[in-house]
Amino acid sequence: MISSSDQLNRYLFDNLHARGELVQLSSTFQNIVKAHNYPEGVKALLGELITVTSLLTATLKLEGEIAVQLQGDGPVDYFAVNANHQQEIRGIAKVTQATNAVGLKDLVGKGNMIITIRPTKGEPYQGVVALEHDTLAQCLSHYFEVSEQIPTKLWLFHNKENSEVAGALVQLLPDSDDKAQQLNDFEHLCQLTDTIKPEEIFTLDAETLLYRLYHQETVRIFEPQAVTNKCSCSRDKCESAIIHLGESEIKEIITQDGSLNMTCDYCLTNYQFDEQHLLQLINQNKH
Ligand SMILES: [Zn+2]
């Protein structure tokens, strides 16, 4: 078990023009998957996507939200993970048929990864990358290469027994003119990071692990950030959605069912609206 609570660590390699991140998650991951009864392979890939989203969120230099989706022609309709700059994360896998498949290729099939960033201030933007590699980590490196043109590498880990996930990221900082030297430094850091063992990332605290990996380098570690599972659904949002249906639709629901039940896909929270409440919402909309 990871000793400290779920955390994301960011650090700089001062002499190598690169940055790094390390995330270690237990309760966040467990909370997201607990009520869903996912097949093992689905759980593992959702865990990887949660890890990826946490790492990506920390690369953003803005306040806002990020959504990462995997969609393809495989047995799972889609995987979706949302997070914000406070590292509040939620996630879901839409499984419409029973599957024993394991891994990106077999679960998602031919498809895309869609990354949507919604800054609190400013316009949203979206990046789409074809899932042309065997692993999610490789697809992400490709995404950074193509869309951002920043050499970036990710390492993802899943511990099935303890239901934990973890990951690391190394990214070049475009702050030097000596491109060849920069790429050398990047390769060097990747080689060091390649030596992370699952038993290390799931048992050691960040500081100890970083020392083991990079003790020859100068690593400046920032204040760790807590990662939590928090869904953004609410009764208010459900009400807005109902009001949006319009008077005639709501009246039809009342005639047919008498009440309305809404369940959040992510956290499975159930929101109930009885007839009286639905009539109130119609009236609210008139004022
Ligand atoms: Zn929810």
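Ser141 sits in helix H4. Is this residue buried or exposed? Ser141 counts as buried because its relative accessible area is 17%, and the cut-off for buried is under 20%. Setting aside neighbours within four places in sequence, Ser141 touches Thr152, Lys153 and Leu154. As you read these details, keep in mind that the model is predicted.

Cys190 has a relative accessibility of 4%, so it is buried. From Cys190 to Ile221 the chain runs 31 residues, and their C-alpha atoms are 18 Å apart in space.

## The protein as a whole

Stepping back, the protein has 287 residues, and 48% of them are buried. Its secondary structure consists of ten helices and 14 strands. Along the principal axes, the C-alpha trace extends about 70 × 40 × 35 Å.

## The zinc site

Which protein atoms are the donors of the zinc ion? They are the SG atoms of Cys231, Cys233, Cys264 and Cys267, at distances of 2.2 to 2.3 Å from the ion. Along the chain, these donors follow the spacing C-x1-C-x30-C-x2-C. Two of them, Cys233 and Cys267, link distant parts of the chain, being 34 residues apart. Cys233 is in the loop between strand S12 (228-229) and helix H8 (235-245), while Cys267 is in the loop between strand S13 (260-263) and strand S14 (270-273).

The site is tetrahedral, with angles of 104 to 115° among the four donor atoms. For comparison, the ideal angle for four tetrahedral donors is 109.5 degrees. As for accessibility, Cys233 is partly exposed at 22%, and Cys267 is also partly exposed, at 34%.

## The largest pocket

The largest pocket holds about 370 Å³ of space. It is lined by 20 residues, and those closest to its centre are Glu65, Asn82, Ala83, Arg90 and Ser232.

Which strands supply at least two residues each to this lining? They are strand S3 (64-72), strand S4 (76-84), strand S5 (88-95) and strand S6 (111-119). S3 gives the largest share, with five residues. By residue type, the lining of the largest pocket has six nonpolar, eight polar and six charged members.

## The second largest pocket

About 260 Å³ of space is found in the second largest pocket. Its lining is made of 18 residues, with Thr59, Leu60, Lys61, Phe144 and Glu148 closest to the centre. Two or more lining residues come from each of helix H2 (40-59), S6, helix H4 (136-148) and strand S9 (164-172).

How do the lining residues of the second largest pocket divide by type? There are 13 nonpolar, two polar and three charged residues.

## Two residues with positive phi

A last stop concerns the backbone. Most residues other than glycine have a negative phi. His17, which is not a glycine, has a positive phi of about 50°. It lies in the loop between strand S1 (7-13) and strand S2 (18-25). With a relative accessible area of 26%, His17 is partly exposed.

Leu268 also has a positive phi, near 65°, and is a residue other than glycine. Leu268 is partly exposed, with 36% relative accessibility.

Note on methods. Residues numbered from 1 in each chain as written. Predicted model: local features only at pLDDT ≥ 70, side-chain atom pairs only at ≥ 80, totals over all residues. Heavy atoms only, no water. Donors = N, O, S within 2.8 Å, 3.2 Å for Na, K, Ca; no water. Tetrahedral: all angles 85-135°; square planar, octahedral: opposite > 155°, others 65-115°. Helix = DSSP H or I, 4+ residues; strand = E, 2+ residues; numbered from the N terminus. Buried < 20%, exposed > 50% of the residue type's maximum accessible area, 1.4 Å probe, protein only. 1 Å grid on protein atoms, 1.4 Å probe; cavity = no way out; pocket = protein on both sides within 12 Å on 5 of 7 lines; lining within 4 Å. Points joined across faces, edges and corners; volume = space filled by probe spheres on them. Nonpolar A, V, L, I, M, F, W, Y, C, P; charged D, E, K, R; others polar. Contact = heavy atoms within 4.5 Å.
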